[in-house]
Structures are given as structure tokens and as C-alpha cells.
Amino acid sequence: MYEGQHGFRPGFSCESQPTTACHNTTDSVDKEGRIDTIKVNSYKAFNLVRRGRLLTKIAISGTDTRLVIWIREFLLGRTQRVGVEGQLSEEVRVKSDAPKGSVLGPLLFLPYVNDIWRNIESTITIFLITV
């Protein structure tokens, strides 16, 4: 896992990410360096996750094959429907997205963005907030 990822790692949390980012900023100011700050709302990004790419990234990360198969079974063949005032819509197949509202959703999104730091020469800190 990328060393700048805060959350879902022992000793890293929603408090450690802004603290680290602030520390990096003050260090850069002290050294009269350049500071770039980008805040990305990843909430909508969950809807854009392509399952095949996610599974490939998980598999090439060295994850045990049995776990990759279990995750694949969890992701594929999912359906959803909407309920309004006691009436349910017909079920439709879900073709993409790391499931929001599930415990695994944020954890499954991490491997998808874990290589975001590649080809960037800056310090990056990441913390995913899901609602």
C-alpha cells in the first residue's frame, strides 16, 4: 500500500492525514519551496470503478488468489433496486462501482487509487472519506 495512504492502516487516520499535509506544507514554506494542494472528492469516483481493472490491480498486488476470487464473486452479478413508499422497482444489474454503503467499498477503492502517486514528484497524502 502507498505510504501516503492514511486510514485503513495502523497509526494512520483521518487526523494523521491533515496533520501530515500541514507539516509538509510548513516544511516547504520554511525551505521556500513550492506548494501545490489539490482536494479531490472521491465520493462520485466510486461510481466509475471498473471491476475488471480493480480485480487486475488487486491480483497483481500479490493478494492471495483465493481472496481475489472471493472479491470477484462479491463484485460480479450484483443487482440493485429502489424502494419508495413501500414499492420496489425491478432489479437491474450493476455494471460498475465499488459498492457504496458496504464495509468493503472503501477498502476495495484503495487498490484502485493506490498507484495515483506514480509519475508525480510531489509528496502526496491520501485519506478516503466515504459517506
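A residue is called buried when its relative accessible area is under 20%, exposed when that area is over 50%, and partly exposed in between (1.4 Å probe, protein chains only). By this criterion, buried residues make up 26% of the 131 residues in the protein chain. The structure is a predicted model, in which local features need pLDDT of at least 70 and side-chain atom pairs count only at pLDDT 80 or more, while totals for chains, interfaces and linings use all residues. Residues are numbered from 1 along each chain as its sequence is written, and side-chain values use heavy atoms, with hydrogens and water left out.

**Overall organisation**

The protein chain contains four helices and six strands; helices (H or I, at least four residues) and strands (E, at least two) are DSSP runs, numbered from the N terminus. Along the sequence, these elements follow the pattern β-α-α-α-β-β-β-β-α-β. Contact means heavy atoms within 4.5 Å. Among contacts between residues at least 6 apart in sequence, 60% join residues at least 24 apart. The protein chain exposes about 9800 Å², of which carbon and sulfur atoms supply 54%; accessible areas come from the Shrake-Rupley method with a 1.4 Å probe, and for residues only the protein chains shown count as cover.

**The nonpolar core**

A nonpolar core is a set of buried Ala, Val, Leu, Ile, Met, Phe, Trp, Tyr and Cys residues joined through side-chain atoms within 4.5 Å. The largest one has 11 residues: Val-49, Leu-54, Leu-55, Ile-58, Val-68, Ile-71, Leu-75, Leu-108, Phe-109, Tyr-112 and Val-113. Helix 2, helix 3 (65-75) and helix 4 (104-113) are the elements that give two or more residues to this core, and helix 4 supplies the largest share, four residues. In soluble globular proteins, nonpolar side chains tend to be buried together.

**Helix 2 and its partners**

In helix 2, the buried residues are Arg-51, Leu-54, Leu-55, Lys-57 and Ile-58. Seen down the helix axis, they fall within an arc of 160°, so they line one face of helix 2; the arc is that of the directions from the helix axis to the C-beta atoms. These residues pack against helix 3 and helix 4. In helix 3, Val-68, Ile-71 and Leu-75 are buried. Their arc is 65° when seen down the axis of helix 3, so they too line one face of their helix. The buried residues of helix 3 pack against helix 2 and helix 4.

The axes of helix 2 and helix 4 come within 9 Å and cross at roughly 80°. Axes are lines fitted to C-alpha atoms, for helices over the stretch in contact, and angles run from 0 to 180 degrees between N-to-C directions. The two helices are therefore roughly perpendicular to each other; angles of 65 to 115 degrees count as roughly perpendicular, under 35 as roughly parallel, over 145 as roughly antiparallel and the rest as oblique. Arg-53, Leu-54, Lys-57 and Ile-58 in helix 2 meet Leu-108, Pro-111 and Tyr-112 in helix 4.

**Individual residues**

| Residue | Relative accessibility | Class |
|---|---|---|
| Lys-57 | 13% | buried |
| Ser-28 | 15% | buried |
| Glu-85 | 80% | exposed |

Lys-57 is found in helix 2 (residues 51-60). Not counting residues up to four places away in sequence, Lys-57 touches Pro-111, Tyr-112 and Asp-115. Ser-28 belongs to helix 1 (residues 16-30). Leaving aside neighbours within four places in sequence, Ser-28 is in contact with Gly-33, Arg-34 and Ile-35.

Glu-85 lies in the loop between strand 3 (83-84) and strand 4 (87-88). Its phi is near 50°, a positive value in a residue other than glycine. Most residues other than glycine have a negative phi.
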